[in-house]
Amino acid sequence: MSAQQAVLDAGYMARALELARKGRYSTHPNPRVGCVIVRDAQVVGEGWHVRAGEPHAEVHALRQAGEQARGATAYVTLEPCSHHGRTPPCADALVKAGVGRVVAAMQDPNPQVAGRGLQRLHDAGIEVHSGVLQAEARKLNKGFIKRMESGLPYVRVKLAMSLDGRTAMASGESQWITGPEARAAVQRLRAQSSVVLSGADTVLTDNARLTVRPEQLALDPEQTALAASRAPLRVLVDGRLRVPLDTAFFQAGPALVAACAGADAVAHYQAQGHELLSLPGAQGHVDLRALLLELGARGANDVLVEAGPRLAGAFAQLGLVDEYQIFIAGKFLGSSARPLLDLPLSRMDEALELNIVKMRAVGSDWHVIALPAPRRGV
């Protein structure tokens, strides 16, 4: 391949990724995928996957291209599927349309595909290339990839704190540490997630609902409508079933409650429109890894944890956090206020190191994205 062709491929794939990002609020549990079809250096078709059960990106792009797809190049951000799911295989659609070349950003990690789509195209005489802007494509679908490779969803822990690292006053009062722009960013994080998860302490103290509020998203009308069309599953970790069913959290809609026991209460929760999931645990504390595996088995790609110091600290201690989303307000709450995490450490070498990958101003606050550094000796 010439250097000029490589540059062209990267440019068209960048456009396909831009299209794929349009589905970040709606494709769950499917990955976000975009497709661009090019013939004679002209884009003749574009498409992106909107939601599960509807046509995939390739089908939208092929419909737009029509007969101009014959002999064209299709740029796809994920290997075209080769199996029958809720829709027919996209690899077959590309073969039928007569495309001459397919460029994929990455191979599909789904074991049902895993190279078979590209092989199907190759066997049909279509020129195939893979790996163009692969890092960007993987970043777009972190949760889907992790779930396919490990059975676990990608876990983000959202934290809001003052400059002195406090999250609430000693009384538990915490609204509002950050400003409206930061709260809008949190709403967008919720809308992008498969699951929003919290604990009994947070729900009881803050009277939290953990819903997506479309009017606070600060998105364009199309994206707002897509975000409003799919509510993330709200999960409450309540080992001892302390949260009454008449609280705002339960009144806001169906929820999944993870508890250590309470099998005799399943019917009671079901009658109120909720699900009670009994999981293993010790001393009233739910096994969080078992919970994540259950959520992954249900198709959850991304879990957003919005919890108090104890539950957030438990995720950190167990090494279950993939990413921290930290919002920092320009204020001091004082030494008697509650800490960011309940994470008892006694020595400096026990500190959990983070790699800060992004920092930006959000209104009058700061938004920091940090990834846990690999643990020493691991």
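Tutor: Arg-156 is buried, because its relative accessible area is 16%, under the 20% cut-off for that class. Keep in mind as we go that this is a predicted model. Arg-156 sits in strand E6, and its side chain meets that of Glu-323 in a salt bridge, at 2.9 Å from N to O. This pair ties together distant parts of the chain: Glu-323 belongs to strand E15, and 167 residues separate the two partners. Glu-323 also counts as buried, because its relative accessibility is 3%.

The side chains of Asp-302 and Arg-156 form a salt bridge at 3.1 Å, N to O. Here too distant parts of the chain are linked, with Asp-302 in strand E14 and Arg-156 in strand E6, 146 residues apart. Both Asp-302 and Arg-156 are buried. As a general point, side chains of opposite charge can pair when their charged atoms come close. If you step back, Arg-156, Asp-302 and Glu-323 belong with Lys-142 to a network of salt bridges. The whole structure has 17 salt bridges.

Lys-146 and Asp-322 meet through their side chains at 2.7 Å, N to O. Lys-146 lies in H6, while Asp-322 lies in the loop between helix H13 (309-317) and strand E15 (323-329), and the two are 176 residues apart.

Helix H6 itself spans residues 142-150, and its buried residues are Gly-143, Phe-144, Ile-145, Arg-147 and Met-148. After H6 comes Gly-151, with a positive phi near 85 degrees.

In H4 (residues 116-123), the buried residues are Gly-117, Leu-118 and Leu-121. They lie on the same side of H4, because they cover an arc of only 100 degrees around the axis. The face turned away from that buried side carries His-122 and Asp-123, which are exposed. Among the elements covering the buried residues of H4 are helix H3 (90-97), strand E4 (101-104) and strand E5 (127-130). Gly-125 follows H4 and has a positive phi near 90 degrees.

Strand E9 (residues 233-237) runs parallel to E10 and is joined to it by 3 bridges, with Val-235 standing opposite Leu-256. E10 also pairs in the parallel sense with strand E11 (residues 275-278), over 4 bridges. In that pairing, Val-257 stands opposite Leu-276.

The hairpin of E1 and E2 gives you an antiparallel case. Strand E1 (residues 34-39) and strand E2 (residues 42-48) pair over 6 bridges, and Gly-34 stands opposite Trp-48. The hairpin has 2 residues between its strands, and Asp-40 has a positive phi near 55 degrees. The C-alpha atoms of Gln-64 and Val-44 are 7.1 Å apart, although the two residues are separated by 20 positions in sequence.

Let's finish at the surface. Ile-356, Met-359 and Trp-366 form a nonpolar patch there, with about 350 Å² of accessible area together. Trp-366 lies in strand E18 (residues 365-372), and it counts as partly exposed because its relative accessibility is 45%. Gln-283 lies in the loop between strand E12 (281-282) and strand E13 (285-286). Gln-283 is exposed, because its relative accessible area is 69%, over the 50% cut-off.

Technical notes
Residues are numbered from 1 along each chain as its sequence is written. This is a predicted model: local features need pLDDT of at least 70, side-chain atom pairs count only at pLDDT 80 or more; totals for chains, interfaces and linings use all residues. Side-chain values use heavy atoms; hydrogens and water are left out. Patches are made of residues with over 30% relative accessible area and no salt bridge: like charges are joined within 9 Å, nonpolar side chains (Val, Leu, Ile, Met, Phe, Trp, Tyr) within 5 Å. Accessible areas come from the Shrake-Rupley method with a 1.4 Å probe; for residues, only the protein chains shown count as cover. A salt bridge is a side-chain nitrogen of Lys or Arg within 4 Å of a carboxyl oxygen of Asp or Glu. Buried means under 20% relative accessible area, exposed over 50%, partly exposed in between (1.4 Å probe, protein chains only). The arc is that of the directions from the helix axis to the C-beta atoms. Contact means heavy atoms within 4.5 Å. Two strands pair if DSSP finds at least two bridges between them.
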